[in-house]
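Good morning, colleagues. Please look at the structure on the screen while I go through a few of its contacts.

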Amino acid sequence: MTKTLEKTTGQQVYHNFIDGKWIKSETGRTFASFNPANLDEVVGHFPLSNANDTKLAVDAAHKAFHGWKHTPAPERAEIILKAAYLLETRKEELARNMVREMGKVIKEARGDVQEAIDMAKYAAGEGRRLLGMTTPSELRNKFAMAVRVPIGVIGVITPWNFPVAIPSWKILPALVAGNTVVFKPASDTPLVAMQFVEILNEAGLPPGVVNLITGSGSEVGMPLIEDPRVGCISVTGSSVTGRRIAGRCGELMKRISCELGGKNAICVMEDADIDLAVDGALWGSFGTAGQRCTATSRIIIHEKVYKQFADKFVARAKALKIGDGLDPKVDVGPVVSKSQLESIHEYVEIGKKEGAKLLFGGRILTEGELGKGCFHEPTVFGDVKPTMRIAQEEIFGPVTALIPVKSFEEAIEVANGTEYGLSLSMYTHDVNRAFKAIEEFESGIVYINAPTIGAEIQLPFGGVKQTGNGHREAGTTAIEQFTEWKSVYVDYSGALQRAQIDNYEGE
Ligand code: NAD
């Protein structure tokens, strides 16, 4: 295997991974990945691949499927477990490259890799479960059961904000279930995606079981979706992207799982521990510079504690240290790219025009070293109305909206009042309210006295409404999207037995 990924020198040219080898794209074209903390730093050059490269990857995955499917699941799982240990060994290296590629602060980048380690161990355990079911037959001398079978080639399309964790949520359960994979990572984070695949390869995956192609959604993603040999697409991205892909997969009758945008909220009731809520809201709003699908972009506060909360929250936001995520003292890193910076700032302007009160922040930071990168001030809007665009649309940056409400019931209504349904949180000391919130929140994930971020891999992950199309990643649900059910009847009576007929004859 080529060792091109061991040292990252910045100007290095990387290749696609197809059929167990790093190979050049036939286009010869490349794109650069930049460090968002300093756009002068090029992390590397990556193939701008096309439909032919994608076809080669699907060829390899398709060819490898038969052998991988017939490899016993516990044996497949051993390879995944080995990958977990290799990830542990290279955790710091991956985390540091992640900071260089997409900007999150180093402790969060370590957490991102840790999530993949957790998922690898969990998926490896699944190799000795992959549970099917048995159930009694209505006829004598007949056995009824259902078993899980792999789908075939899975197309994995991922975003840049969790560049190791999200691919691991998809690829590892898909592999343990016996599928092969063609992986198209986001163009902002190709290096760590390649390192993840390199680790899977080192762990012992046979050639063709995992393949990686870099390039755009239209030139690589779409051909992957169109290829009839790809049986399932698993995509995480914006709702616009998800809708487009799901629409096409619908026409092709192809299985599609979408994990999409969010407009998550923390509700702070008058009986809450305000300091705890401020801690949670700060982490939820500005962790990963607000670029998490579960980021807290709305804080819905009971009017009795609104001022107290707002004063404390703004004071804490002002104290956040902004800079290069590799500096361990930094709280908030850059956003991923110049275009993301501009899109976030546009929302700040929209918020001002809508009449929301800018309590803190609102600026693109250009002073000193920060001017070389994509830094946006943590931004807090106050007196936000639930119908304003900044309270409805996903901003995906360090911008949060404080929304005053008069009651618990109004808080629930406002929390539910967007098209998204990923993560909602309630801060209260009243156990009745806590359980009512659990019942009433329209979201795939609920937190009580904790912020909207912080999912663990052993529970299902995903959302309702425009956030997804009904699937869940992680937990025991992870393998659902990557397996088909096969129902099996074994008749050992030696005679033709007709269900619903013979056993009712003579009634
Ligand atoms: P994006 O939608 O721009 O891109 C996601 C991936 O889809 C990329 O690999 C991209 O190249 C690919 N893509 C885009 N158009 C395509 C097309 N027409 N055909 C095939 N592939 C295509 O999203 P992003 O900016 O990378 O990520 C941010 C978004 O992801 C946010 O909306 C965020 O909420 C969402 N997200 C959701 C979850 C979740 O689990 N619900 C988790 C993380 C991020």
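This is a predicted model: local features need pLDDT of at least 70, side-chain atom pairs count only at pLDDT 80 or more; totals for chains, interfaces and linings use all residues.

Residues are numbered from 1 along each chain as its sequence is written, and side-chain values use heavy atoms, with hydrogens and water left out.

Let me begin with the helices, which, like strands, are DSSP runs numbered from the N terminus (H or I, at least four residues, for helices; E, at least two, for strands). Helix α3, residues 91-102, packs against helix α4, residues 106-126, at an angle of about 125°, and their axes are 8 Å apart. That angle makes α3 oblique to α4; the scheme takes under 35 degrees as roughly parallel, over 145 as roughly antiparallel, 65 to 115 as roughly perpendicular, and the rest as oblique. Axes here are lines fitted to C-alpha atoms over the stretch in contact, and angles run from 0 to 180 degrees between N-to-C directions.

Which residues of α3 meet α4? They are K91, E92, L94, A95, R96, M98 and V99, and their partners in α4 are I106, A109, R110, D112, V113, Q114 and I117, where contact means heavy atoms within 4.5 Å.

The term requires a side-chain nitrogen of Lys or Arg within 4 Å of a carboxyl oxygen of Asp or Glu. R96 and E92 are four residues apart in α3, about one turn of the helix. R96 is partly exposed at 37% relative accessibility, and E92 is partly exposed at 32%; buried means under 20%, exposed over 50%, and partly exposed in between, with a 1.4 Å probe and protein chains only.

How many salt bridges does the whole structure hold? The search finds 34. In one of them, R229 pairs with D59, the closest N and O atoms being 2.6 Å apart. R229 lies in the loop between α7 and β10 and D59 in helix α1, so the pair ties together parts that are 170 residues apart in sequence. R389 and E393 form another, at 2.7 Å from N to O. Through shared partners, salt bridges join K55, D59, D227 and R229 into one network.

Finally, I23 lies in strand β2 and is partly exposed, at 27%. Setting aside residues up to four places away in sequence, I23 touches H15, N16 and I18.
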